[in-house]
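Please have a look at it before I go on.

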Amino acid sequence: MNTTCTSCGHDLWQDELGNQGCGACQRRVDRALAELVGPRGLYAQLTDVLTPGTTGAGNRVSGSKNPPIPVRLAALNLQARGGVVTILQTWLVDWHDHLGYTHPRWDGGPQDQLDQTVARLRTLLPWAVEHHPAWAEFAGEVRQAVGACRAQVTGEPPARRVTVTCPCGAALRITLDTPGRRCACGQQYGWAELRRLPLAQRAAA
């Protein structure tokens with residue numbers, strides 16, 4: 001029986017014992033999903049930053065003197081097939097399969113499909129945090145998708161990644177935003193524990 005959150009590694013409360021995740025992680029994921037939807041959500045704002053050198057406010061930012069490509073590929077990739085909408089739809093299909101529900105259906109364009117998918121995911125979050133064996137992976141992918149959208153919209157660089165070493169010798173890539181991580185050896189680390197691990201040594205040239 002789980003006694004710690006598979007996402008952040010924190011101890012579960014008494015009424016959460018056996019769950020895959022904790023209530024705090026569930027609320028964080030819910031807030032992250034909510035940031036994506038609607039006409040002023042992060043996903044919609046990606047359209048405003050497709051032109052190179054612009055931010056979500058439509059302001060141009062300094063850059064290379066070379067002529068830019070017609071669109072910002074990073075923002076376009078997040079909007080395109082295989083991007084944010086596809087990632088979330090894949091998770092929703094998986095959840096429906098686990099629950100024995102019929103295959104979810106979506107109508108309209110990408111924004112409509114995103115809003116429909118997120119609404120359904122948020123409805124099923126209480127089930128997922130209790131029962132889904134890949135809750136930590138789902139929570140991580142939501143954080144990454146929302147973080148990537150936010151970075152494109154605001155122009156802020158993504159969180160710096162560092163590599164730390166588990167006592168078993170495995171390397172773990174984390175950022176300041178990483179709430180927790182399970183090593184391949186089975187050891188679960190929470191936010192604080194991850195940051196006490198030693199930095200990985202650079203490979204010799």
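Predicted model: local features only at pLDDT ≥ 70, side-chain atom pairs only at ≥ 80, totals over all residues.

Against which helices do the buried residues of α5 pack? They pack against α1 (23-36), α2 (42-45), α4 and α6, where packing rests on contact, meaning heavy atoms within 4.5 Å, and where helices are DSSP runs (H or I, at least four residues) numbered from the N terminus.

Residues are numbered from 1 along each chain as its sequence is written, and side-chain values use heavy atoms, with hydrogens and water left out.

The buried residues of α5 include L114, L121 and W127, buried being under 20% relative accessible area with a 1.4 Å probe, protein chains only.

Turning to the pair α4 (residues 84-99) and α6 (residues 135-154), their axes lie 10 Å apart at an angle of about 160°, the axes being lines fitted to C-alpha atoms over the stretch in contact, with angles running from 0 to 180 degrees between N-to-C directions. The two helices are therefore roughly antiparallel, a label for angles over 145 degrees. On the α4 side the contact is made by V84, I87, L88, W91 and W95, and on the α6 side by residues including F138, E141 and C149.

W91, in helix α4, counts as buried because its relative accessibility is 9%. Not counting residues up to four places away in sequence, W91 touches H132, A134, E137, F138 and E141; W91 and E141 are 50 residues apart in sequence, yet 9.8 Å apart in space, C-alpha to C-alpha.

Definitions and conventions
Parallel < 35°, antiparallel > 145°, perpendicular 65-115°, else oblique. Buried < 20%, exposed > 50% of the residue type's maximum accessible area, 1.4 Å probe, protein only.
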